[in-house]
Amino acid sequence: MKKQILPIFAAVLAFISCSSTKNEALNENIQEEIPPSPPVLTELPVINYSGRGIRYEVESMLLHNFIVMYDSAASKKYCARLNDEAASASLKIKFPAGTYECMLCEKAPDGDHSAFYLSLDGISYRIYPSDPPLGSWELTSRVPVYFTIEEPRTILVEITANSKNRLGHTGMSLDYIQFVKRD
């Protein structure tokens, strides 16, 4: 009996050893591909709009109660999860005169975790993805926000779960916000 157990034990050890080496190599490759996480901001970023359009990473905004997470499918490999009703993401953009379209890139797990608010200088817009949400990254093209600026000005852009008058959701991930000049 002992002679039969010994070869089986040796085979199991060899398999475990080989499996362990493969897993270690796989983990090393994954760790090498993860870029450094974006810096945590302590001041409101102010950027200049230029060209036909801009795209700004939500995880690079001034965040409060958002969770920054690695996501290999996100545009810069990181995204920000709108974690609770007190969460906010903010930045200021200096816009030239013109008409603009704004959309966000969102990943919502379901319809109960998909709607949130975009505020432009205090005017809130309810934002949500397709119905039902795809569960993968998608632009909020179902509800783009259009606005016109008569003369150059700086606008405060905020993302929150709720508006002053209506509740939204939490639990969705946001990749970037984009603005495209339409005139």
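Visitor: Which residues touch the most other members in the largest nonpolar core?

Guide: This is a predicted model, where local features need pLDDT of at least 70 and side-chain atom pairs count only at pLDDT 80 or more, while totals for chains, interfaces and linings use all residues. Residues are numbered from 1 along each chain as its sequence is written, and side-chain values use heavy atoms, with hydrogens and water left out. A nonpolar core is a set of buried Ala, Val, Leu, Ile, Met, Phe, Trp, Tyr and Cys residues joined through side-chain atoms within 4.5 Å. The largest one has 34 residues, and those touching the most other members are L118, F147, I159 and F179.

Visitor: Which element gives the largest share of this core?

Guide: Strands here are DSSP runs (E, at least two residues), numbered from the N terminus. Elements that give two or more residues include β2 (53-57), β8 (116-120) and β13 (173-181). The largest share, 4 residues, comes from β6.

Visitor: Which residues does I159 touch?

Guide: Contact means heavy atoms within 4.5 Å. Residues up to four places away in sequence are not counted. The partners of I159 include V58, M61, F66, L104 and L118.

Visitor: How many salt bridges does the structure hold?

Guide: A salt bridge needs a side-chain nitrogen of Lys or Arg within 4 Å of a carboxyl oxygen of Asp or Glu. By that rule, the structure holds 3.

Visitor: D71 pairs with K107; is D71 buried or exposed?

Guide: The two side chains meet at 2.5 Å, N to O. Buried means under 20% relative accessible area, exposed over 50%, partly exposed in between (1.4 Å probe, protein chains only). K107 is partly exposed at 24%. D71, at 10%, is buried.

Visitor: How many residues apart in sequence are the parts that E101 and R182 tie together?

Guide: Their side chains meet in a salt bridge (2.5 Å, N to O). E101 lies in strand β7 and R182 in the segment after β13, so the parts tied together are 81 residues apart.

Visitor: What is the relative accessibility of R153?

Guide: R153 meets D121 in a salt bridge (3.1 Å, N to O). D121 is partly exposed at 35%. R153 also counts as partly exposed, at 40%.
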